Amino acid sequence: MKRNILLNPGPATTTDTVKNAQVVPDICPREQEFVEIMKQIRKDLVKIVHGDEREYTAVLFCGSGTISMDVCLNSLLPAGKKILVINNGAYSSRAAEICEYYGLPFINLKFPIDERPSLEQIEQILKENQDIALVYITHNETGTGILNPIREIGALAHAYGAIFVVDTTSTYAMRPINIKNDNIDFCMASAQKGLMAMTGISFVVGKRTIIEQSKTYPKRSYYCNLYMQYHYFEAHGEMHFTPPVQTVYAMRQAIKEYFAEGEQKKWERHTRVFEALHKGIERLGFQNIIKRDWQAGLVVTVKYPDDPNWSFSAIHDYCYKRGFTIYPGKINNTETFRLCALGAIDQSDIETFFEVFEAGLREMEVSLPVHYGLEEQTDERE
Ligand SMILES: *Cc1c(COP(=O)(O)O)cnc(C)c1O
């Protein structure tokens, strides 16, 4: 099969063995054979973040990663309480929007997209709002690539009696996470990102006791209720409603490959890819948005050069035709594109990519190294 290198922030490049794992004899997901597969996957998803199975559990849903955000926000807020969304990017803004759609009381604590949230300000808000029961943050803001200090923020949330929910969709199974040491009560991801499996399945990993408590919380969604899905899994070993059967088989294979590669080795590979991405853009003179020390190691957000011949869509199409996918940015006011270190790829793929990318730029007659205008600003955010 043709091997495409996806440098977009998920779905990622997958191995052929994962692709082929989807081709299985037809099976009804209510069969015991399938139930056993789901059981093992739930255990493995907890193991990936080093959780103790008695304390933490995994609940799967049929949908893209946003479903996990939706599930956690709508299901884990007790009556009369408030959510604090710590917001320094597009994915946390999405969480705020979910709160809005459900009519949940929430505080949208905004920070600049190229800065880490201030712990002092977070603590101040927690102090002033004793009714905050849930603190929410994005681990790696995939729109910019900034890594948020979850361990410290989790400790603050707990000190003020709130639970801590972290969107780890773009870090789970990539950056090593330890759910307990990182002070996480709930984290989440979808199969097509760090796990390098197929789209269509997402999951929440979190504390059993809190899920049990949430049984009595206001029910705001039917299909996306965490307790309901958890309870069905516990009682019957499977999803309440039809699972994406073939996607589950691919996920099982991807998990097998995850453990075979190993957490550290895999993270080293992604780091090699990330460094090769940086090396490539630096060689061509491109600038990126986020201070290097704060980058999660997964997404490089690159500024459009000031060149009349530059066209993102033209360079995208040039690369796409040659098997490489690059992705637009997700920031207001600054024109950017993104290159991501996800997927079953390695350093040599990135080196080949830059040969293609550079040839494309030359064909478009973009001057190299690229240049930026005199009015260069470091503070172009909203
Ligand atoms: C990919 C991603 C999601 C989910 O996005 P979908 O489009 O629903 O797959 C959520 N949060 C973060 C941080 C992500 O990177």
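Biologist: In which strand is the place of arginine 338?

Modeller: Arginine 338 sits in strand β14, residues 336-340; strands are DSSP runs of E with at least two residues, helices are runs of H or I with at least four, and both are numbered from the N terminus. This is a predicted model, where local features need pLDDT of at least 70, side-chain atom pairs count only at pLDDT 80 or more, and totals for chains, interfaces and linings use all residues. Residues are numbered from 1 along each chain as its sequence is written, and side-chain values use heavy atoms, with hydrogens and water left out.

Biologist: Why is arginine 338 called buried?

Modeller: Its relative accessible area is 2%, and buried means under 20% (exposed is over 50%, partly exposed in between; 1.4 Å probe, protein chains only). So arginine 338 counts as buried.

Biologist: What does the UniProt annotation say about Arg338?

Modeller: The unreviewed UniProt entry covers Arg338 with "binding site"; such annotations may be inferred rather than shown by experiment.

Biologist: Which residues come nearest to the ligand?

Modeller: Of the 14 residues around the ligand, those are Ser64, Thr66, Thr142, Asp167 and Lys193; a residue is near if one of its heavy atoms lies within 4 Å.
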